[in-house]
Every structure is written in C-alpha cells, then in structure tokens.
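Hi,

Here is the structure I promised to pass on. Have a look at it first, and my notes follow below.

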Amino acid sequence: MDLKQGEVAPLEGVFRRFSLVANSLGPAWDWPGSSAGKGGSISETLTNFLTRLLSSEPRLYQEIRERGLHSSNQDPDDDFVHVEQLGPDEGIVVKNYRPTQLTWSQLPEVQERGILDRISPEERKRQEAIFEIILSEHSYQHSLNVLVRLFKTSKELRKTMNITEHHHLFSNISDILEVSKSFFADLEKRHGEDPLIRDISDIVENHSSTHFKPYIIYCSNEVYQQRTLQKLLASNTAFKEALKHIEMTADCGGLSMISFLILPMQRVTRLPLLMDTICQKTSTDLEEYHSAVKALKSISKLVKQCNDGARRMERTEQMYTIQKQMEFGKIKPFPLVSASRWLQKRGELAVCTEELSIFWKAFSNKSYYLFLFNDVLIVTRKKSEESYLVMDYATLEQIEVQLLESSEGQLASGSPRSSSSPNPNMFKVLMKRNSEGKEEQIALVAESPSDRARWVIALQHHKHTDNDDLNKEDLPQVEIIKGYRAKQPDELSLQQADVVLVLHKVEGWFQGERLRDGERGWFPSSCATEITNRIAVERNVRRMERLRKETDV
C-alpha cells in the first residue's frame, strides 16, 4: 500500500476560501460576488458546470495534495475546510503544494439546491472525500497527458535514444493513461447523475480488480526506468539538451520529467488512503461502508502486487549483477543467487588496527567493502567499480556486533581522547563461524556516527522482532515535506505527505516505519517535520492499524 498526511494552515474564513478558489479558476468563472458574476446567474446545471470545470486547464497532479490524505497537525474536525499554500519543495517531485481547485461544498449545484442544509456534517465530509477522488483523478490524467504528449511522443527526444531505452523509459505509460481516462469517465458519469453521490466504491473496486493491471507492469519496470534515465543523463548530451528544452515549456510547469514518470506509482499508492478516508467518513451501519471496505481491499491488493513486482524485478536483477562481480579466489564459493535473498546494505568501511585507530589515518589505509544481505554478510576488497575479491563471509546468525561505549562516553563528557583510544565511529564484527568454520573478528571504522549506526542496526536487525511490542503512540511521528528517493538499499523512498514512525535518530538521519505500509528505512531528517498534535498522532496510529487489518498488509 501507499501514503500519508499533512499540516494545514489556520482557518481564515469562508470569504477568503472562496476568493482563493475563484482566483485559482480565473476571472471567467461566475462566482457570487465576483465582478464577473455581477448581473449574471449561477443557476447552471451541474452537468454544464462540470463540463466547464473539467474542460478548463486543471492543475498538474504534482502540485496538489488531496485533503483526504491529511492526518497530522490539523483540527480533525476540519478535514476539507482549509485552502492552503505550502512553501517550495526542493525535492525532485514538485515545486509547491496546492489543494485541489475546489471542494464539493463549493459546487454551485450543491449550494443552489440547499443540499448542505439537508445533510449532516459527517455526510458532507463523506461527499468531499468522494468528490476529491474524482477531481484529483482529473488532475492526474492531465499530468499523464503532458507526459505522453510532450515527452513520450517527442520526435526530438526519440532521436536521442534507441528503441530499448525508449521502452524502458516510458514502458506502458500510454496504457496507464487509457486506464485513467476510463476510470475518470465512470466517476464523472456517476457524479453527473446526482451531485449528492451515494457511492463510488463499486467503480473503484471494478477498475482496480479488472482494469488496473497495467499499473503492475509499469511499477515492475521501475528499476529499468531509473537506470536508463540515469545513464542517459550521465552520458547522452543530446538527450539532456532535448529534455531540458521540453521541461522549460509552460505546459510542464517547470517540473522535471522524473516528476511525471513517477506519477503512476504515486497515484496508485494514494488511492488506498483516499478510499480509507471515505471509510472513515461513512457510518459503519451503512451498506456504503461495507462497499467502501471492499474497494479498499481491492485497491490495496493491487498496490501490493505493484510493490511486489517492482521489488522482485529489482532484487533479481541486483543479485545476478552482484554474483557476476564477485571473485571468491581461494575462498569457498557461496551460492549467492536465491529467490529468498536480497541486499540490505553495501558500502566501504576502513579496517581499524591499534596503531591506526584515529579516524583519518584509518581511512588512509586499507578498507573492506561489505555486502550485507538478509541472511549473510560477505566481506570483500574492492578491485574496481565492478569487481570485488571475497575475503570472508558468515551467515547473520553467526555474527555479533560490538560497540565501544566507553569511548563514546569519553567524547560525550568532553574528555580528550588519546591517540590510542578507540575511534568513536568504530565497531567490531565477530564471526563466530566464518567461511572456514573458524572464529574471526574485524574492527571497522565508519565515515560518520550516522553511517556506523546504520551498519550496526542493519547487522543486528535479524536478532530483533519487528518491535510489535512497542506502543506505536509513544514513538515520534514525522510528516514528509520533501519527496525523497532512496539512494541506498537501507533507505526509504518517501512521498510528500507520507507519515513515518521514527525508530532511530542520528546525525541528520531518521530510521522510520512508513505508516501506510510498514516499510522501513533511513531518510534525511531535513525531509520531515515532527507531528506534535497529540490527537493527530493517536489518529494516525489508529489509521495504520485499521489499514493493515483491512488490507492484510
């Protein structure tokens, strides 16, 4: 599954809210009280209104955040009230966040018919959640159109790469666009029948179970897509120039192509949370609630297939590549490739001896390159960028990690450290039974406290449970304010508005558990802001428990 939530600005009044909406839609809209609307009428039918709305240029999907995803520092009773403007995002995804262009309550047909006076506040919120799925799908479809029209079918860009590269880059994105068009058409038709929508869960369930299969193919191709894009950007000047020219056009909104390429992954992982919002806003006594739960299960199952497909392709490719790069020499070969094995962390660490205990000296001498898998640690020496000589290995059940807490205590107290005292970034790896069946010990030095912490936690992970005994409400929670793409196997890719439980903090890095699906990894603390509202923290935990129970995540 996939997604989480945001902080909103204080309520600034109905007038300001309507003014912002009217301004965002442009002067051609006949809003009550506007100069364009004076002397005119707003008694247009819902069909005509939606036609005008949906035929107008929508915002790019990268620039909006659905209100139904909020679950952080806001007032839990005002989910769909605020119109917000967040600051710039320096990540790869978007420049800024804006809400979807209007809410269900603002539709002229809803106001003209006096629907708001006839329904409960709870039903209003349910209608807002339903309408937001419809409107955000429209923005999503608009961004997909930009991707296909400006990037995929660009003759200039196509000339700079071969057929395989073009396929890896864009995969079946045209199929994804057609899927979105069909899904949106059914949603739009349902909304056109009556502004007070009884339900859309049947539409979500039908499309996710029978029409959304192209998402699995697209997500499974991600490893090839990212690799191809990196290669083209690094070594193909013509590609970079053509790409830059397209990205500078007004239709792209100043956004990079990668922000468009990752949209299907973003959208498919947001849908379960948007459906969960509908579940939250629907009374459990109603038939519509059970219909919403069925739709939630269906879309969550699809997301799991997407995640599994992407993970399986990445791990298989990675294992075969690493196997080819390893030379065992005199060491007994280890059969590396296995469907149940994957890489958890890799990297170079200095080998520390007594006379080379000072950090900079240690790194000026020999080092080992470690490959940590989920069941075995392989110690190598790097021969080249694509060649490693295996020095030793041991299964994780035969490994213990030792920290030198005394040296840390000396540093913490401000006491000077002598040249013979251990380096604060050092740790020891004890192989109780190595490749030769013997006991072996290695003292290693990491580049920084955060690097050491990441290695130690990774090496000890197999000895710990998944912290199920922890009270999740006692753990700090953060909201992701800048999208982050993992650069190392032990890192966690995050979308803006994701909510993460923080398990460890060290030197500018957090290790956390993503609430929407339980995935764990490290990410820069600069990407996140702490959620301090206690009600929001408790609500997030309840939502996590409900999502994992209802979707078997």
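A quick definition to start: I call a residue buried under 20% relative accessible area, exposed over 50% and partly exposed in between, using a 1.4 Å probe and protein chains only. Bear in mind that this is a predicted model, where local features need pLDDT of at least 70 and side-chain atom pairs count only at pLDDT 80 or more, while totals for chains, interfaces and linings use all residues. Residues are numbered from 1 along each chain as its sequence is written, and side-chain values use heavy atoms, with hydrogens and water left out.

Ser-120, at 33% relative accessibility, counts as partly exposed. You'll find Ser-120 in the loop between α4 (115–118) and α5 (121–152); helices (H or I, at least four residues) and strands (E, at least two) are DSSP runs numbered from the N terminus. A polar atom of the Ser-120 side chain lies 3.1 Å from the backbone nitrogen of Glu-123.

Now the sheet. Five strands form an open sheet with antiparallel pairing, in the order β12-β11-β10-β9-β13; two strands pair if DSSP finds at least two bridges between them. β12 (520–524) and β13 (528–530) are the edge strands with a single partner each, so one side of each has no neighbour in the sheet. On average, neighbouring strands here are turned by 45° against each other, direction ignored. β11 (residues 509–514) pairs with β12 over five bridges, in the antiparallel sense, and Gly-512 stands opposite Gly-521 in β12.

On to the aromatics: there are 10 aromatic pairs in the structure. Rings of Phe, Tyr and Trp (its six-membered ring) pair if their centres lie within 6.5 Å, with planes under 30 degrees apart counted as stacked, over 60 as edge-to-face and the rest as tilted. Phe-371 and Tyr-388 have ring centres 5.0 Å apart and planes at 90°, so this pair is edge-to-face. Phe-371 sits in strand β3 (residues 367–373) and Tyr-388 in strand β5 (residues 387–395), 17 residues apart. Phe-371 counts as buried at 0% relative accessibility, and Tyr-388 counts as buried at 2%. Elsewhere, ring pairs link Phe-183, Phe-212 and Tyr-215 into a cluster.

Last, charges over rings (NZ of Lys or CZ of Arg within 6 Å of the ring centre and within 35 degrees of the ring normal). Lys-345 lies over the face of Trp-455 at 5.0 Å from the ring centre, and Arg-454 lies over the face of Trp-509 at 4.5 Å.

Cheers

Methods
Axes are lines fitted to C-alpha atoms, for helices over the stretch in contact, and angles run from 0 to 180 degrees between N-to-C directions. A polar contact is a pair of N or O atoms within 3.5 Å; within protein, one must be able to donate a hydrogen and the other to accept it, and residues adjacent in sequence count only if both atoms are side-chain atoms.
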